[in-house]
Amino acid sequence: MNKNYWLIISILVLVVFTFAIFISKAAQFEKEGNLLTVKSCDGKKTIFVEGFKEGEKMSKEKAQVVANLLMDLIKICNQEVIAKLKEDNSVIVLNDASLILPDLKPGKTPVLLAHGGQPHTKKEIKLFESEEKRMIDEGYKVFHDSSLGTNGISCDMCHPDASNTHAETYPKFQTQLKKVATLREMINWCIENPLEGAKLKHDDPKMIALETYITSTRKGKVLEPGKH
Amino acid sequence: MNNGFPQKTTGGIKRRDFLRMAAGTAVATISGVITPLVIKVAHGKGKLEPFTFAYISDAHLYAGNPNHRFVKAIKKAVADVNSLNPQPDFVFFGGDLAQLGQPDELELGKGILSDVKAKIHMMVGEHDWYFDMGRKWREFFGKDVYSFDHKGVHFVVLNSVIVKDYWTAPNMTPMERMKAMAQLDNPKGEAFTVGEEQRKWLKNDLSKISKDTPLIIFSHSPLYKYYRPWNFWTDDAEQVQEILFPFEKVTVIHGHTHQTVTNKIKNITFHGLLSTAWPWPYPPQGIPKLTIQMDRADPFNQFDGCGDGRVDILSSGEVNKTYNFWDRNPMEVTFERVSKETGSETPGPSY
């Protein structure tokens, strides 16, 4: 009798706590004001649409953005997602901070980067590749541009197809610099010396682009820092 | 990169030993530094008077700054050839005097080369040509295709940088055309050719020459197929070689590659020239097997991997070729060395 009593108490406490958690979680995602709620057909994705009240009809453009976002969310994961679509079409995921969504541009399909435990989708892979290629192409331009220096010389003149740059061997001790140098430091050395230009900050977009291009030409090589 | 070839030696010859060997031939002294510089050409029948000519190549000058590193470099080469004692019979310039074919670049180069004491023979490179299609170059230096005889050797200078018209259809400006051509690793680059007109001219020019007369052919691009992505290549090389095969002794000397490179196809020996401006790395494939590769250049030393050189013509009509590196031991590629090793029987590797 005594045992049963404690069991009932325990179950009751558990039920109350679960309910409390549910209430607080629901409160956490409660719409700020009266926002239009749209759910995916599987019921797992919920979007609160800023700028439209419950029952209000969306514009055709907005409806398309919402539809695209729902489709992308369905594609990338099976989990429940509660998100707010702001008026500027940026997306905030309310129930999972690990889902990172970039800003959505009006009229464009939302781009989603997180994979929520699922393999990368074709669309994601395409995005990774196209962004990588964009930086490689930018780096190729900088590499072949004599305006990086002051004397007409460009990187490719000594390094056609980025040959003899051996990115996989950095960082390594450079006798002439008397220290362990990174690839970016050697890039700057070339800019300052043969090209007689001003060195780039290590986070300069041109530096990142140069590094991306140079490194891309050594894809598949064994990483051998320190090798001469 | 250096394929096990010891750094700072050339063909196993130490600089000191080379100088000892070279003593009594063409040896130069500049401020106490001895600089061997010459390319020797030699003949089988032992009937020639041996002689020597020197070379300077691929200066790639920019105008506007008299202290530009490439200006300093070509002046260093001019000082080298002027200090040769005895003087070479002539100095050959291997093309790419200018970087972007600008009139002031060519003029600057002309002025610097006018300080060369010996007679000078000029060849055109793509960097001289594609801004105004050689107009200024020809105005300064005369014909781009010609031949001459010297001490029993027949010399031919070709313009091997002719390419298919890539500029008319997209309406390129002269500078756009020039810059597209100046980019060695341009993936859209058209292949160099000698062209039908010149091949016809060559056939005709050689029709008057006996088959035992040693030939030395100058071309800016290598007259074989080495590496297409960098235009280390002449697209109609086989057709030009066919014209040269009937001659007993043929040596082709080319610029453009900025490195030590040796090839042999049947009876034709090919030698590259050093640049005064910068060395090219070796491409990932296609390096002719007779080549003694030079070690990777020290980027901290402007002159490393650069230089000039000489050609010694032996009494046999054969050629000994010397690469005169400014900051390493010279490399002599002798006729004996080339003839002992089996050259490739087919034109270079295809891409």
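How do the axes of helix α3 (residues 122-143) of chain A and helix α5 (residues 205-216) of chain A cross, and within what distance do they come? The axes come within 7 Å and cross at roughly 100°, where axes are lines fitted to C-alpha atoms, for helices over the stretch in contact, and angles run from 0 to 180 degrees between N-to-C directions.

## Basis of the model

This is a predicted model, in which local features need pLDDT of at least 70 and side-chain atom pairs count only at pLDDT 80 or more, while totals for chains, interfaces and linings use all residues. Residues are numbered from 1 along each chain as its sequence is written, and chains are lettered from A and ligands numbered from 1 in the order in which they are written.

## Confidence

The predictor assigns the complex an ipTM of 0.82 and a pTM of 0.74. For chain A the average pLDDT (the predictor's confidence in each residue, from 0 to 100) is 83, with 79% of the residues scoring at least 70. Within chain A, confidence is lowest in helix α1 (residues 2-28), at a mean of 63, and highest in α5(A), at 98; helices (H or I, at least four residues) and strands (E, at least two) are DSSP runs, numbered from the N terminus.

Chain B averages a pLDDT of 88, and 84% of its residues score at least 70. The pLDDT is below 50 over residues 1-35 of chain B, a stretch that has 64 contacts in the model beyond near neighbours in sequence, two residues being in contact if their C-beta atoms, placed from the backbone, lie within 7 Å. Residues 343-351 of chain B also have a pLDDT below 50, with 27 contacts beyond near neighbours in sequence.

## Chain A

The domain assignment, which is automatic or from a database, gives domain 1 (31-93) and domain 2 (122-216) of chain A, and the C-alpha centres of these two domains lie 42 Å apart. With a crossing angle of roughly 100°, α3(A) is therefore roughly perpendicular to α5(A), a term for angles of 65 to 115 degrees, whereas those under 35 count as roughly parallel, those over 145 as roughly antiparallel and the rest as oblique. Among the residues making the contact are Met135(A), Ile136(A) and Phe143(A) of α3(A) and Ile208(A), Leu210(A) and Tyr213(A) of α5(A).

The peptide bond from Tyr170(A) to Pro171(A) is cis, with omega near -5°, and Pro171(A) is found in the loop between α3 and β5 (172-174) of chain A. Lys178(A), in the loop between β5 and β6 (179-181) of chain A, has a positive phi of about 60° although it is not a glycine. Most residues other than glycine have a negative phi, and most peptide bonds are trans.

## Chain B

In chain B, the axes of helix α7 (residues 196-207) and helix α8 (residues 237-244) come within 10 Å and cross at roughly 10°, so α7(B) and α8(B) are roughly parallel to each other. Arg199(B), Leu202(B), Lys203(B) and Leu206(B) of α7(B) make this contact with Gln239(B), Val240(B) and Ile243(B) of α8(B).

A cis peptide bond joins Asn85(B) and Pro86(B), with omega about 5°; Pro86(B) has its place in the loop between β5 (84-85) and β6 (90-93) of chain B.

## Interface

Between the chains, 15 residues of chain B are in contact with twelve residues of chain A.
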